[in-house]
Amino acid sequence: MASSLWFHVDMDAFYAAVEQRENPEYRGKPLIIGGNPDSRGVVSTASYEARKFGVRSAMPTSQAKRLCPQGIFIFPRMERYVLESQRIMKLFTNFTPEIFQVSIDEAFLNMTGTERIFGSPNEGARKIKKVVLQETGLTISVGIGSSKLIAKIASGYQKPDGLTWIPLGEEESFIDKLSIRDLWGVGQKTQQRLAELNINSVQILKSLDLLKLERIFGPRTGEYLYKVSRGIDPGIYTGVTKSHSISNETTFSRDISDPETIRQVLLELSHSILFRLRDEKKESRVLVLKLRYSNFSTTTVQEALDHAFRSLEETHKIALVLLSRRWNGREPLRLIGLGFSQIVPDQGKFQGELFAEDAGDLRRKKVEHTVITLRKRFSKEIIQKGSLMKKDLPDRSPRPKE
Amino acid sequence: MKFNCDRDVIIKEFQTAQEIVSSRNALSILSYVLLEANQNSLLLKATDLKVSFETRIPVEVQTPGITTVFCDRVLGILRSLPPGEVQFELLDHERFIIKPLFKTNIDFRLKNMGADKFPETQWADPDLFFSLRQSDMIEMISQTVFAVSDDETRYFMNGVYLEKQDRTLIMVATDGRRLSYIAKETDGNLPDFSGVIIPPKILNLIRKLASGEGTLQLAITDKHLFAEFDSQKISTALIEGQFPNYQRVIPEKQEHTVLVRRGELNEALRRVGLMVEKSRRIYLDLSPDNLALVSEESELGMAREDIPCRYSGPTVRIALNFMYLNDPLRVIEGEDVQIQFTETNRAISLYSVPEADYFHIVMPMQTE
């Protein structure tokens with residue numbers, strides 16, 4: 001059997017790059033997109049100029065402001081990024097039918113068996129990078145490997161505008177060159193524990209047998225570390241099929257327990273999945289929330305309505321209900337995912353409502369449809385949601401409440 | 001404790017109990033039923049803490065006593081036994097023995113939990129009860145219970161609303177898109193109570209278990225509803241919350257009226273419905289004295305059926321969720337049905353002809 005060939009495509013500082021493309025005054029400047037520094041908001045994306053100051057994603061915005069006082073701070077415009085993301089994902093369909101979008105700005109492409117069409121993996125990747133740059137003016141980093149894990153780690157190896165190919169058989173020596181911090185999915189807590197145990201290189205980590213790792217870190221993390229340090233894919237992002245569900249998730253590089261930040265993340269996720277659902281002319285009555293806690297245990301919980309989700313407000317509201325069922329408001333979270341399942345075509349026959357407040361939901365759905373139509377027709381958006389409106393920070397006026 | 005009972009008599013009660021008990025977990029007392037034998041009758045109790053059920057059946061008691069048994073297993077055993085008299089016996093407070101009276105080669109010995117572990121069930125003050133014809137109660141349930149919402153986020157619509165106006169009892173159910181209403185004049189004096197939301201589980205049980213003969217006693221407290229009929233007692237916790245102001249969505253007067261034979265409409269709906277996916281759109285195309293039921297075009301094709309009717313309004317198309325039309329038509333009892341509307345995108349009303357105590361309101365879907 002021919003071996004697999006996976007590309008991991010990661011857009012470089014995606015939100016920042018979109019903003020810099022559309023707002024020339026931001027170009028070449030440290031641009032920081034994120035939540036309000038006064039309400040414990042966190043950084044979503046920092047431009048490469050801002051990263052030089054040490055600003056990182058998921059860092060509290062207030063800290064970013066201390067590190068980089070001259071930075072330009074703006075709120076994210078999720079709908080804009082979602083549309084841009086869809087445009088880019090569509091470009092990938094010219095290269096392979098098997099696209100697994102894992103978040104707004106990254107995707108795995110199964111390129112197995114495409115060498116005849118696009119040439120060597122390096123040539124194929126260069127073609128993809130070129131098309132994306134030509135069509136959108138954005139740069140991407142591509143990692144190539146025999147598994148999703150290797151491709152994922154490779155895409156982060158050189159950034160921005162990177163291209164890293166790890167040929168079959170060289171996985172382990174590639175991993176050996178990395179520092180523990182670069183291993184995918186090894187969070188801060190685990191890193192800390194490893195450092196405490198003086199395990200400060202991949203080689204030392206590899207010298208520990210599975211049993212020992214499991215004893216120190218528990219069965220789940222232990223096995224994960226054992227595999228990852230040997231370049232073996234522990235099964236990242238498996239089982240995500242796009243046909244019957246639309247989902248999106250946010251992995252934090254720093255575990256998050258601030259309720260306000262989590263609310264905001266759920267709003268962003270609600271936004272992105274609902275707009276994707278609408279864009280594909282589908283509807284769904286089942287919302288699924290996925291949480292991964294800092295100890296790597298993962299849980300999902302879902303709610304089925306007796307009607308299709310009608311608005312962003314409704315989606316966000318149910319997402320918060322689901323959150324309250326599985327989260328105590330304190331425990332640090334590593335990942336939040338939100339998705340629609342049991343998706344069916346939206347035939348546009350909206351059921352009328354007897355009571356006024358429900359009719360309000362229907363009106364909101366119509367508004368959202370209009371917004372999408374307008375945005376498609378005009379490249380610059382002419383309409384946007386107040387609470388996601390970009391504004392210079394610090395606020396001159398209070399941020400609108402949800 | 002020792003008693004005999006016919007298998008078919010006791011199996012019926014265990015089947016009801018099985019619908020009540022919340023759990024099939026043998027470790028939970030809520031999976032058990034309480035049995036108490038005395039004075040030639042057997043008292044059987046089951047509860048999931050929200051809904052409680054008790055019934056008394058005549059049995060031949062040799063030794064009085066009390067115990068609890070695992071409902072799921074006893075039901076399974078009873079179903080497997082041959083018909084006829086079955087002997088039940090509690091040995092040394094430890095083993096509950098089930099064996100057919102005339103087939104002594106079968107012998108089940110079940111472990112059980114002490115009756116003291118069974119939760120206390122409360123019962124309303126006898127003064128609170130008022131009486132209602134069983135046939136009226138059953139009709140009220142049948143006309144409304146199907147319309148409740150199963151969307152847990154609208155928990156206040158997850159039950160049937162019951163309120164009183166003078167001597168009239170009113171039941172209303174809605175899921176926000178359709179609404180069913182019935183008002184029954186009672187002959188007795190009703191105690192004062194403010195409107196309550198009743199979970200459908202108990203209403204379906206009452207409908208199923210009531211003989212339909214004679215009366216039923218009801219009591220309503222702040223948080224519970226109690227019903228007693230035919231030697232059976234059921235109680236339930238009520239749904240807390242504010243039922244929507246339903247009166248303002250009931251159209252007072254509609255401009256147009258369609259009068260159609262109920263039987264013909266039902267037949268046509270059954271046929272055209274074969275081409276309509278569940279919860280999907282069906283069109284009512286109205287022209288003078290003609291009602292056409294039209295399915296929408298699907299991958300499989302379409303269907304249309306024309307029915308004569310009495311109608312003199314404009315030629316219009318109304319789109320409805322198939323279920324929202326089908327559900328009320330299954331319970332309307334008149335010879336004819338009146339469909340009333342004013343505009344095709346506003347609520348339509350369904351009435352029985354001759355007039356009955358109930359009507360149904362349905363919000364249409366968009367036609368395109």
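In what sense do strand S5 (residues 99-103) of chain A and S6(A) pair, and over how many bridges? The two strands pair in the antiparallel sense, over 4 bridges, where strands count as paired if DSSP finds at least two bridges between them. This is a predicted model, in which local features need pLDDT of at least 70 and side-chain atom pairs count only at pLDDT 80 or more, while totals for chains, interfaces and linings use all residues. Residues are numbered from 1 along each chain as its sequence is written, chains are lettered from A and ligands numbered from 1 in the order in which they are written, and side-chain values use heavy atoms, with hydrogens and water left out.

- Strand S6 (residues 106-110) of chain A has 5 of its 5 residues buried, so the strand is largely enclosed by the rest of the structure; buried means under 20% relative accessible area, exposed over 50%, and partly exposed in between, with a 1.4 Å probe and protein chains only.
- Glu106(A), Phe108(A) and Asn110(A) lie on one side of S6(A), Ala107(A) and Leu109(A) lie on the other, and all are buried, which leaves both faces covered.
- A hairpin through 2 residues joins S5(A) to S6(A), and within this pair Phe100(A) stands opposite Phe108(A).
- Strand S1 (residues 6-11) of chain A also runs antiparallel to S6(A), joined to it by 5 bridges, with Asp10(A) opposite Glu106(A).
- Helices (H or I, at least four residues) and strands (E, at least two) are DSSP runs, numbered from the N terminus.

- The axes of helix H4 (residues 78-92) and helix H6 (residues 121-136) of chain A come within 10 Å and cross at roughly 140°; axes are lines fitted to C-alpha atoms, for helices over the stretch in contact, and angles run from 0 to 180 degrees between N-to-C directions.
- H4(A) and H6(A) are therefore oblique to each other, given that angles under 35 degrees count as roughly parallel, over 145 as roughly antiparallel, 65 to 115 as roughly perpendicular and the rest as oblique.
- The residues making this contact include Ile88(A) and Leu91(A) of H4(A), and Val131(A) and Val132(A) of H6(A), contact meaning heavy atoms within 4.5 Å.
- Pro345(A), placed in strand S14 (residues 344-345) of chain A, is partly exposed, with a relative accessible area of 47%.
- The C-alpha atoms of Pro345(A) and Glu283(A) are separated by 5.9 Å, although the two are 62 residues apart along the chain.
- Leaving aside neighbours within four places in sequence, Pro345(A) is in contact with Lys281(A), Lys282(A) and Glu283(A), and also with Arg280(B).

**Chain B as a whole**

- Chain B holds 6 helices and 25 strands, and 57% of its 368 residues count as buried.
- Among contacts in chain B with a separation of 6 or more, 65% are accounted for by residues 24 or more positions apart.
- Glu139(B), in helix H3 (residues 134-144) of chain B, is buried, with a relative accessible area of 19%.
- Beyond its neighbours within four places in sequence, Glu139(B) is in contact with Ile182(B), Lys184(B), Glu333(B) and Tyr358(B).

**Two open sheets of chain B**

- One open sheet of chain B consists of 8 antiparallel strands in the order S6-S2-S3-S4-S17-S16-S15-S10.
- Its edge strands, each pairing on one side only, are strand S6 (65-70) and strand S10 (130-133) of chain B.
- S10(B) runs antiparallel to strand S15 (residues 215-220) of chain B and is joined to that strand by 4 bridges, Arg133(B) having Thr215(B) as its bridge partner.
- Helix H4 (residues 200-209) of chain B packs on this sheet, touching S4, S15, strand S16 (224-229) and strand S17 (232-237) of chain B, and its direction makes about 165° with that of S17(B).
- Another open sheet of chain B has 4 antiparallel strands in the order S21-S20-S19-S22, with strand S21 (304-308) and strand S22 (316-321) at the edges.
- Strand S19 (residues 281-287) and strand S20 (residues 290-295) of chain B pair in the antiparallel sense over 6 bridges, and the bridge partner of Leu286(B) is Leu291(B).
- Helix H5 (residues 262-273) of chain B packs on this sheet, touching S19, S20 and S21 of chain B, and its direction makes about 175° with that of S21(B).
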